[in-house]
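Colleague: I'd like to go through this model with you, one topic at a time. Here it is.

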Amino acid sequence: MVNNFDQFDSQTQIISQKNKSIKNSSFRIYILLLSFILAFLVIGIQMILMALNPTIIQNEKKVVVKDYSKRKEIKDRNGILLAKNIKVDSFYAHPSEIVDKEKVLNSLRVIFSEDDQKVFRKKLYSEKPFVWLKKTISPEQKILVKDIGQPGLYFGPRQMRIYPNGHLLAHTLGGTRYGFESVSNAEILGTAGVELFYNKELSDLKLSLKELKLSIDIKIQAIVEEILKNGIKLMDAKGGSVVLMDSRTGELISLASFPTFNPNLRPKNLFKNDPSNSPIFNRAVQGIYELGSVFKIFPVALGIETNVINPKTEFNTHNPIKIGGRTIKDYKYLGPKLSVEDIILKSSNIGTVRIAQKIGSTNLKAFYKNLGLFDTTTLELPETKGTKPQKPKKWNNLETATASYGHGIAISPIHLATAYAILVNGGFKVNPTILKKDNSNINSDQIISKKTSENIRLILEKVVSEGTAKETNFGGYLVGGKTGTAEKTNPIQGGYYENKVISTFASAFPISTGEFVLVVTLDEPENNFGSESYRYASKTAVPVAAKIISRIAPLLNLKKE
Amino acid sequence: MRIVLTSILFVFCVISAIWAYQMNYETRFKNKQIIEINKKIKSTLDRIDLLNAEWAFLNSPERLSQLADENFLKLNLIPLSKNNIKYSMDEIDNSNEIKNGQ
């Protein structure tokens, strides 16, 4: 009985244990079910949310590939394209994959020039697994190469910088080269000009700049370059430059230097010992010359500004002046006495030196500094940085005298244009710029007064109507300016060449307002049309400037007067 | 009661599975389409770039002046002078009247 009871007891125990474990496991199952349902709900809700609002998805990481293809465009002041990227192809090969190398070479001979042939042969027979055959090829060439039908020849996308206007504005635009290169991409880097100066702005897509808008008007640039080129040919000159500036804003409407080059195929600098002979040398910006008589207007401007002289004041020009062992004389005897006006009109060295002596050397030096003749300009070209004007180290009586008529100081045509702009625009300081400016940003530092500026314009107008430039026809537009003919310095023997000159015409038009300043500089010109040959600016630089003004004035919306 | 709940959940489960499956393939399809369209956009942009460059080349001042010189007689052109330039409609009307008068 006890046993039975025991049995019963143990049975109930087992049953209660079973019940307990069933309870336990069903509880676990419920937990599992609940967690599954929860998980499904979470995923389902997430999916529904995603379907309703797609912006949630954009948490994926984006792979950043540097895109060199978007180098920004360069345009002129009217939005005409000057530089742009286009897509071309690069051509490379895996030599080990090519089955019939001779057949490939024979086919390539037809497609590419004979010069490439040797290079191709060497590359295809090299041990390298990978060789570049051509950095850029045209779409037509690509099709022809594909038609060869041999394995191992590949193409990669490549961006190419093109300058649709060819050699126009070459020095200012500069050029580009490839930096880092891979099969799928290549970095384009500026090598000179604005391409180098604004390399970061042009290539960095994060910067807000959309395109680079220059102050240049390409239509005017085309006319200027054509006339400059023809003028240099006619005058048998070595080279020359033209600067056309808006005298109020300092914007350069045209900037030309000859000889020139094509930025699409920028030549290497082959003239190591004399860079100024190279076509890539920018004479307007990098060329530092003693420009001579064009300086004479500066002491006159300062004299009138400080009331030391007025246009009618007379100076003795009878005898040459001796200073510091040097004799300063005129190119011919100009008369016993000349008024300030006539000193400029007839370009008298003696008269100018007398004016400078009356003003004093400290004042003259300070004025030259204010006109920006001693410092590098702020022009946005990398070439300006290495171009510092040359000035005398000491500034004694002799240096003051020679500086008054433009000797002993060497500046670039840009410097000269800037100084003339200040003199004729009403006396405001301007900084030369290659970028298009809003008229609102006019610098208002006054260097000379409006009244003085007006006097200067009247004197410059007389030079053209009665003085050294009077024989020239400016196409009916009223122009004012000053000529300058300076002997070139001889870098080898020192001193000056006797028969090599830099002839310059610095002018402003229309002279009633002095809105535009034009500086024409010719290097070693010689006018052989008459019975004798002339080197004077009035027979060389002035006719070139006259032709330019009569052609471009209509494009600048100027009325004849 | 339990059967009803289970069957509702089961049906819900099947429907959402079908929906997810469809959505998955639709997304892949759309992705492919996007890639293709992007490719097309890029090649069209490249083409626009090329055409713009060609347009700029065809309109380069030197080329135009050369063409003008070549066809100077054919087009009855006359050299530009300051007398050809008028600054207002009045001036143009006046010059026409003079011509007509003659």
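This is a predicted model: local features need pLDDT of at least 70, side-chain atom pairs count only at pLDDT 80 or more; totals for chains, interfaces and linings use all residues.

Modeller: Let me start with a hairpin: E8(A) and E9(A) form one with 5 residues between them. In its turn, Gly250(A) has a positive phi of about 80 degrees. By strands and helices I mean DSSP runs numbered from the N terminus, E of at least two residues for strands, H or I of at least four for helices.

Colleague: Thanks. How many bridges join E8(A) to E9(A)?

Modeller: There are 6, and the two strands run antiparallel, with E9(A) covering residues 252-258. Two strands pair if DSSP finds at least two bridges between them. Met245(A), for one, stands opposite Leu252(A) in E9(A).

Colleague: And which strand does E8(A) pair with over 8 bridges?

Modeller: That's E16(A), residues 516-523, again in the antiparallel sense. Gly239(A) has Asp523(A) as its bridge partner there.

Colleague: Is E8(A) mostly covered or mostly open?

Modeller: Mostly covered: 8 of its 8 residues, 239-246, are buried. Buried means under 20% relative accessible area, exposed over 50%, and partly exposed in between, with a 1.4 Å probe and protein chains only.

Colleague: Which residues of E8(A) point which way?

Modeller: Gly239(A), Ser241(A), Val243(A) and Met245(A) point one way, with Gly240(A), Val242(A), Leu244(A) and Asp246(A) pointing the other way. In a regular strand the side chains alternate between the two faces of the sheet.

Colleague: New topic, helices. How many residues of H10(A) are buried?

Modeller: 8 of its 9, in the run 297-305. Among them are Phe298(A), Val300(A), Leu302(A) and Ile304(A). The cover includes H11, H12, H13, H15, H16 and H17 of chain A. Just after the helix, Asn307(A) takes a positive phi of about 60 degrees.

Colleague: Now charges. How many salt bridges are there over all chains?

Modeller: A search of the whole structure finds 19, a salt bridge being a side-chain nitrogen of Lys or Arg within 4 Å of a carboxyl oxygen of Asp or Glu.

Colleague: Let's take Lys142(A). What does Lys142(A) form a salt bridge with?

Modeller: With Asp89(A), the closest N and O atoms being 3.5 Å apart. Lys142(A) is in helix H4 and Asp89(A) in strand E2, 53 residues apart, and the pair links distant parts of the chain. Asp89(A) counts as buried, at 11% relative accessibility.

Colleague: And Lys134(A)?

Modeller: Lys134(A) forms one with Asp116(A), at 3.1 Å between the closest N and O atoms. Because Lys134(A) lies in strand E3 and Asp116(A) in helix H3, that pair ties together parts 18 residues apart in sequence. Lys134(A) is partly exposed at 23% relative accessibility, whereas Asp116(A) is buried at 17%.

Colleague: You listed H11 and H17 over H10(A). Which salt bridge links those two helices?

Modeller: The one between Lys462(A) and Glu341(A), with the closest N and O atoms 3.0 Å apart. Lys462(A) sits in H17 and Glu341(A) in H11, 121 residues apart.

Colleague: Which residues do salt bridges with shared partners join into one network?

Modeller: Glu73(A), Lys75(A), Lys84(A), Glu211(A) and Asp49(B). Lys75(A) is in strand E1 and is buried, with a relative accessible area of 17%. Beyond its neighbours within four places in sequence, Lys75(A) is in contact (heavy atoms within 4.5 Å) with residues including Ile80(A), Leu82(A), Glu211(A) and Leu214(A).

Colleague: Last one: which residues make the nonpolar surface patch?

Modeller: Tyr30(A), Leu33(A), Ile37(A), Leu41(A), Ile45(A), Leu49(A), Met1(B), Leu5(B) and Leu9(B) make a patch of about 900 Å². Patches take residues with over 30% relative accessible area and no salt bridge, like charges being joined within 9 Å and nonpolar side chains (Val, Leu, Ile, Met, Phe, Trp, Tyr) within 5 Å; the areas come from the Shrake-Rupley method with a 1.4 Å probe, and for residues only the protein chains shown count as cover. H1(A) gives the most, with 6 residues. Tyr30(A), in that helix, is partly exposed at 47% relative accessible area.

Methods. Residues are numbered from 1 along each chain as its sequence is written. Chains are lettered from A and ligands numbered from 1 in the order in which they are written. Side-chain values use heavy atoms; hydrogens and water are left out.
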